[in-house]
Amino acid sequence: MATVLAPGALFAQATPKPAVGPERPFTPPPRVERTLPNGLQVVTVRYPTVPKVSVVLTVRSGLAEDPAKQAGLAQFVVDAVQEGTTSRDSRKLKRDVFAMGATLSGFAGQDTSTFTMRGLADTLPQMLDILADVARNPTFSQDEIDLLKTNTKQGLQAQLASPQFVANRAYRQALFGAHPYARVGPTPESVDAIDRAAIAAYHKAHYRPNNAFVIVTGDVTPDTVTAAVQKAFGSWARGDVPPSATPAVPELQGRKIVFVQRPNSVQSSISVGNFAIRRNDPRWPVLQLANQIYGAAFDSRLVRNIREEKGYTYSPQSQFQAMEQAGFYRAVADVRNDVTGATVKEIYGEIDKFRTGGPEPDELTNAKTYMRGLFVIQNATQAGLTNTLNTMYSFGLPKDYPETFQKTVTNLNGEAVKTGAQMLLGSEKSVIVIVGDYAKVKDQLTGLGEITFVDINGKPISAPQ
Amino acid sequence: MAQLTTRGLIAAVSLATAALLLAAPAALAQARFTVPVEYFTLPNGLKVVVSEDRSAPVALVEVMYNIGFRIEPKGRTGFAHLFEHMMFQGSSQVKKMEHVALMQQAGGVVNGSTRLDYTNYFQVLPSNALEMALWLEADRMRSLDVSAENLKNQQNVVSEEVRVNVLNQPHAAFEWLDIWQKANTSWNNAHNFYGDLAELEAATLDDVRGFFKTYYAPNNAVLVVVGDTTAAEVRKLAEKHFGGIPSQKLPPPPDVSEPPQKEEKKNSREDKLARTPALAVAWHLPERMTRDFFALSVLDPLLVSDESARVYQKLVRDDRLAISVIGAFNFLGTNWDVKGPMLYTMRVDYMNDKTADQVLASIETVLSEVREKGISESELAQAKTSLRSSFLEDLEGGGMPRFGRANLLAAFALFDDDPKRINTILDELDKVTVEDVKAAAGRWFVPTNRTSIDSRPVAKPTAAPQGGVR
């Protein structure tokens, strides 16, 4: 069976490092676009990797449009439409989805609300029937709304125990202030303020075919899909959708530091960041490239520093999120208590170095290859391609975005990336949010600047002792 | 072809003709989607599996080693996972983290994971970089080369991983860590898989080198490639880069069996970080690939897969005890990639003013109904459809494109010496009958086989919402 060779022979058979061949061309399969008479946009892609299909229905309204006192209303509507229609009560609805081997979920983002289904390709008509039923005919029974409210409040309590949830919410609050993008979902107070009337009114105003689009990707053909979508959604009536306001994003003055007190924390959850550009800004690819080099890729400046050299953290993240009205940058790291101050210093150290010096030539070349490769990887599955298209249609990206993305990346130069880094990574004007146990880390935070203290609910408190 | 009873076949045909389906046709009525599988073994014992897929110019390259945290050394809890980290810290021709850098520079994404019975290393990349991926995997299989400094660094990183995923989280991942320690009695199955921080810190460079020599041999591993390539190309490259790696004498596999549990075990813990209560419950599962194992695999989606499932409906909707239920044969993978004893586990996040006993009683009501009355033929068919749909999901994606398929092929090769089982496993599930399900539930989903942990916050929550009124 196994032979044991003399130790000297162990490395004797090493082979030399090979070359990497030329990149192979990739364009996602073609899309067919149609618009139904009622205004519903339908996009179909035949992508028969497996005999399944992805179906997405996106309504062009999200959390940013919620009235301030009813934060999370958009998510409530997403949840409530799935709990009963005029022909299916909640249980039957869930059973019908399960029975055909499908899944259905909904998510309200800042600017859009998306329902996603995955299922077997030959059940597409049934999938569309359920999706249309949920979008068009919800009953919003009082019982279901009451249960949703109770469970949402319990769920919020559970989430408040997670340092990542608290950090994300506190960071958005600190950055966006009174702007709607500060809200990540409901609060116990807003849940109390949401009632059936508000849910029904929201649905009536926003869930309209002329305010939505459908994407179908999978083992399907465009003609069959268009016919099936027409059958399920064709009689959905248009409506006048209230225009959404676009409030201005606040100015950052200097560095703002917020400490969220979380007793018994064995790590500090650190966020550092600032505003960036909107998603449909043509400079998005260059900021994305800068982000990869700085900290988004596994082999990146920030990760090499605070994880692979210093061992401060397992989980550094470099997030660049761009939405309809605004975008932001956020560096995240969960670090052991005794390196809290040191980590903030390293984050800014790497920011300042990159802003001043820009990328090295090799770094630039490698990062471009990485982004081109990521594009193929992200679009190598039905669900992945659907996600790309959902982004494209949600933010009104150019018609040939998938076909030209890789070339756009190739054409980015070092100066542009340096400018992009300066736009992406704030230094003097930025926000720092730390979630942790103040008594355990306070000595490390002297010299950072003035600190505002809040509890995990975001309510101001005095400095914990 | 799956064998169905005549009754099942008639049911399948009549359901298939229904205009608007409320229950999907039995899986038998569908054409079976299969994937190409080529399988060969190098002279040094390395198993190689290739599944060609030209739908996109990507390849998934995975090496799965036949060693996981179940049999890591005593006194060194968490070592197998720490070792996984060390595999990225250098080999004879590759510097610390250079594996990641080289893959990234070719457009690829790298990761690895440590599980009960294996450790896997994988990357998805544009297919033009296939040889580079194979060379990198071969170099570290042949010649791991790490320093004390790198070990210290990764001990720090892993400690932070344990902190961020466990020690700084409410309930401390009790549904896959603590519950294993409570439900099992043999050390292999009942120790802290993530590792006690002190034991992680105590690991030495000699430990790392010894572990590598013992377990990281070609005859203890399988190489899988899925994607835009040919079996001939992979064979050529595998022979070139892996062929010269000598096989090692492997230690005899230890006995990891678990004695049967005879009595219910109930536990509770207080959690300083939690704000709401949660319950973890587990039942010992039958041996992999036995008739009862297949029967419970089919029952599983009907119990916990989504909001239609019985346990969710009972706990959340009927009894208003909880807000969520998750459950699985394996939170860290699939039904097929665990070799030794397994636990069927649920985690319930329940309401502040309810009790663990109430939750347990409701779950037991659901299970006793299955034991006494079984499930219906249409539910059986729906469960099989659900399993088929999930399986297809894994064949295409699975977290990373093509990873689900690669990992299934690796497990079937390593544990069963039969990667083509990926194309027949659904047929084996199709054979399950309602009687099988009822009988298996009667043997395994019983209170004497059950372990639970009630995890409660230390402080009383300030505003406790009431459970819904019926």
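This is a predicted model: local features need pLDDT of at least 70, side-chain atom pairs count only at pLDDT 80 or more; totals for chains, interfaces and linings use all residues.
View 1. To get your bearings, pick out Glu33(A): its bridge partner in strand 2 of chain A is Val43(A). The hairpin has 5 residues between the strands, and Gly39(A) takes a positive phi there, near 95 degrees.

**View 2. The open sheet of chain A.** Here we have 6 strands of chain A in the order 9-10-8-11-7-12, with mixed pairing. Which strands stand at the edges? Strand 9 and strand 12 (451-454) of chain A do; each has a single partner strand, so one side of each is left without a neighbour in the sheet. Going from one strand to the next, the twist averages 20 degrees.

**View 3. Strand 9 against strand 10 in chain A.** Let's zoom in on one pair from that sheet. Strand 9 of chain A is joined to strand 10 (residues 327-336) of chain A by 6 bridges, and the two run antiparallel. Ser318(A) is a handy landmark, with Ala331(A) as its bridge partner in strand 10 of chain A.

**View 4. Two helices lying across strands of chain A.** Helix 5 (residues 163-176) of chain A lies across strand 7 (255-261), strand 8 (267-276), strand 10, strand 11 (430-436) and strand 12 of chain A. Relative to strand 11 of chain A, helix 5 of chain A runs at about 150 degrees. Then there's helix 11 (residues 340-357) of chain A, which lies across strand 8, strand 10 and strand 11 of chain A. The angle between helix 11 of chain A and strand 8 of chain A is about 25 degrees.

**View 5. Pro316(A) and its surroundings.** Look for Pro316(A) in the loop between helix 10 (301-309) and strand 9 (317-322) of chain A. Is Pro316(A) buried or exposed? Pro316(A) counts as buried, because 27 C-beta neighbours sit inside 10 Å and the cut-off for buried is 20 or more. Leaving out residues up to four places away in sequence, Pro316(A) touches Gly295(A), Leu302(A), Val303(A), Ile306(A), Arg307(A), Val332(A) and Ala333(A). As for Arg136(A), its C-alpha is 42 Å from that of Pro316(A), with 180 residues separating the two in sequence.

**View 6. Where domain 1 meets domain 2 in chain A.** Chain A is divided into domain 1 (31-233) and domain 2 (255-454), and their C-alpha centres lie 29 Å apart. The contact takes 28 residues from domain 1 of chain A and 27 residues from domain 2 of chain A. On the domain 1 side, at least two residues each come from strand 2, strand 3 (52-59), strand 5 (113-120), helix 5 and strand 6 (212-218) of chain A. Helix 5 of chain A provides the largest share of that side, 8 residues. By type, the domain 1 side splits into 15 nonpolar, 10 polar and 3 charged residues.

**View 7. Where domain 1 meets domain 2 in chain B.** The domain assignment for chain B gives domain 1 (38-242) and domain 2 (258-457), with C-alpha centres 27 Å apart. Here 39 residues of domain 1 of chain B are in contact with 39 residues of domain 2 of chain B. Which element gives the most to the side of domain 1 of chain B that touches domain 2 of chain B? That would be helix 6 of chain B, with 5 residues. The domain 1 side divides into 20 nonpolar, 10 polar and 9 charged residues.

**View 8. A helix pair in chain B.** Helix 11 (residues 291-304) and helix 17 (residues 434-444) of chain B pack at an angle of about 100 degrees, with their axes 8 Å apart. That makes helix 11 of chain B roughly perpendicular to helix 17 of chain B. From helix 11 of chain B, the residues making the contact are Arg291(B), Asp292(B), Ala295(B), Leu296(B), Val298(B) and Leu299(B). Helix 17 of chain B meets them with Asp436(B), Val437(B), Ala440(B), Ala441(B), Arg443(B) and Trp444(B). The contact of these helices has 8 nonpolar residues, no polar ones and 4 charged.

**View 9. The side of chain B that touches chain A.** The contact takes 83 residues from chain B and 80 residues from chain A. Elements giving two or more residues to the chain B side include helix 3 (98-105), strand 4 (109-114) and helix 5 (148-167) of chain B. Helix 14 of chain B gives the largest share of that side, 9 residues. In all, the chain B side divides into 38 nonpolar, 29 polar and 16 charged residues.

Notes: Residues are numbered from 1 along each chain as its sequence is written. Chains are lettered from A and ligands numbered from 1 in the order in which they are written. Two residues are in contact if their C-beta atoms, placed from the backbone, lie within 7 Å. Helices (H or I, at least four residues) and strands (E, at least two) are DSSP runs, numbered from the N terminus. Ala, Val, Leu, Ile, Met, Phe, Trp, Tyr, Cys and Pro count as nonpolar, Asp, Glu, Lys and Arg as charged, and the others, Gly among them, as polar. Two strands pair if DSSP finds at least two bridges between them. Axes are lines fitted to C-alpha atoms, for helices over the stretch in contact, and angles run from 0 to 180 degrees between N-to-C directions. Angles under 35 degrees count as roughly parallel, over 145 as roughly antiparallel, 65 to 115 as roughly perpendicular and the rest as oblique. A residue is buried if 20 or more other C-beta atoms lie within 10 Å of its own, exposed if 12 or fewer, and partly exposed in between; C-beta atoms are placed from the backbone. Domain bounds come from an automatic or database domain assignment.
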